[in-house]
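Please open the structure in the viewer and keep the selection panel at hand.

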Amino acid sequence: MAVIQVQRTPLSLAERTYLPQVMGAMWTTLKHLLGPADTMEYPEQRPAIPPGYRGVPTLVRDPNGREKCVSCQLCEFVCPPKAIRITPGSVPEGAGVDHVEKAPQAFDIDMLRCIYCGLCEEVCPEEAIFLLQQYSMSGYSRAEMVNHKDRLYELGGTLPDRHFKWGVKKAAEERASGHH
Amino acid sequence: MVDMLLGLPAPLLALLKGAAVILVIFPVAAACSMAERKVCAWIQSRPGPNRAMPPVFAWIPGAVILQRLGVWQLMADGGKFLFKEEPLPDHVNRLYYTLAPVIAMVPALTTVTVVPFGAYVGAGGRIVPLALSSVDVGILAVFAVASLGIYSLILAGWASNSKYPFLGGVRASAQLISYELSMMLAVLPVFLWVNEPGAAGSLSLSRVVEFQSRPGFWGGAWFLFTMPVSAFVFAVALFAETNRQPFDMPESEADLVGGFHTEYGAFKWSLFFVAEYANMIVGSAVFSLLFLGGWNLLPWLPLASLLETLHHLTGSALWLHPLVAGLVSVVILLAKVLLIIFIFMWIRWTVPRFRYDQVMKIGWQKLLPLSIANLIACALGIAFLQR
């Protein structure tokens, strides 16, 4: 029974004049005409961006305001379009970041190459890079479309430690409660 | 002022009237294109063009409403069409290619002259129609000149020397021939009724309106109510004649790219559309004169009694002044025309385009027999009423 025979009833006289259908359609369009617009007037009205949205990649600081990135370059290597370029550098003495060995000297993300795949966020062992809510990027030149380190931190800001990374782990150790 | 104007030599006066028609119809037709875009947008649940505005006007309080209505957008578009480069393809016949949009404008603006767009009560209670040239052949002149408009589409299709415009032009001519017949036959009963035995024969449109403003049940009824089939056939044929959806075969952008205007751009292209809207305006005016009682506000309420009632209600003699009466009649007719144009647009954004074979089938196999049957039935009915 793969073939289903459909009974095609001949059109009634009313249907053949097209008029009832046209009237029904006009009633539908009239409701739309009088109803509110479904669209958003974009620059003034912005859509609500849900959490987990993959926007522009940014660098974030930990709750203590310290740089999270340790320039392991995993994101640089995993980046499919090779948009990330990191120059590793050493940590200056007494900068309050003694728990890590390195920090990026330069961190550039070329937004003309970025495909917003989120692999950098996924691969980062320090949870330092996040694709946040910003969805529109524009600039007048190619150079302007490359986000440098300071711009990346400006975009990312400080995120709460959502996972048990440095701060929470350290606190747990100090309370001697073992593993989290 | 009026006396001075009327004292001018006749050719100069005619020239002034003609300029007035162009100055009114051209912007109104252009405004219709913006109305079309807005109606389209509202039907599709979006706001439509509402951004363009010269920054200077942002400080004027009312200007924002105009911005929301897209008026500035309309001006920007018009200006763009005026100043942008006009490409002239190499493969076209230059003379006819340039001539076609001009020819489109001529009948579109000519038909306006014979359509009365208002009336005032002259000396002795006689209704004097406001028309540029109140010719007695009325409807015949409209039909004769309006049909010439199709030549521009055929010429455009032919001169473009490319297959889609050619197909569009062929379709335009075939469609016009098919629907012209039904349109004529739909109008005939109206004039059968209007030309009573004993009265002088006339095809004038103002005569039809006068007939619809007579006292009594049959006198005051609009022809839409007494002859609904005629009105329906005329409306459908009007859609086909003005190349409006669902009958826009000559343009038909889904299967013919742009139909007759595929090879056109800039101001020539916009001339075609101004002509189309001018045709729509004239068509709507003729429809409201023939079937919707012209300048009578409501059925069984002629203009003269409306003004009398207003005179009694307000106690002001101003209502009986010919100038006021003329203005009121123009406003009433204009409101009807705009309503019909809105319905044109409403249907355009509701109904999908018919297939070409369906258009032919509807025209020849459905509309034509229907209009013939209607003519016979109406003739019998009118003979019975006027016996």
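**Where the chains meet**

Begin by selecting both chains of this predicted model: eleven residues of chain B are in contact with eleven residues of chain A. Next, select α2 (10-43) and α15 (322-348) of chain B; each of these helices supplies at least two residues of the side of chain B that touches chain A. The residues on that side comprise seven nonpolar, three polar and one charged.

**Chain B as a whole**

Chain B contains 16 helices and two strands. Its radius of gyration is 22 Å, close to the 21 Å given by the globule rule for 387 residues, so chain B is as compact as a globular protein of that length. Along the principal axes, the C-alpha atoms of chain B fill a box of roughly 60 × 60 × 50 Å. Colour the chain by burial: 45% of the 387 residues of chain B count as buried.

**Into the core**

Select Val115(B), Phe234(B), Ala237(B), Ala278(B), Ile281(B) and Ala285(B), which have the most contacts inside the largest nonpolar core, a set of 103 residues. Then highlight helix α13 (residues 266-291) of chain B, the source of the largest share of this core, with 14 residues.

Centre the view on Ala237(B). Which residues is Ala237(B) in contact with, leaving aside its neighbours within four places in sequence? They are Tyr179(B), Ser182(B), Met183(B), Ala186(B) and Leu367(B).

Finally, select Leu59(A), Cys69(A), Ala103(A) and Phe130(A). These are among the 21 residues of another core, which lies apart from the largest one.

Notes: Residues numbered from 1 in each chain as written. Chains lettered and ligands numbered in written order. Predicted model: local features only at pLDDT ≥ 70, side-chain atom pairs only at ≥ 80, totals over all residues. Helix = DSSP H or I, 4+ residues; strand = E, 2+ residues; numbered from the N terminus. Rg over C-alpha atoms; globule rule 2.2 N^0.38 Å. Buried ≥ 20, exposed ≤ 12 C-beta atoms within 10 Å, placed from the backbone. Contact = placed C-beta atoms within 7 Å. Nonpolar A, V, L, I, M, F, W, Y, C, P; charged D, E, K, R; others polar. Core = buried A, V, L, I, M, F, W, Y, C linked by C-beta atoms within 7 Å.
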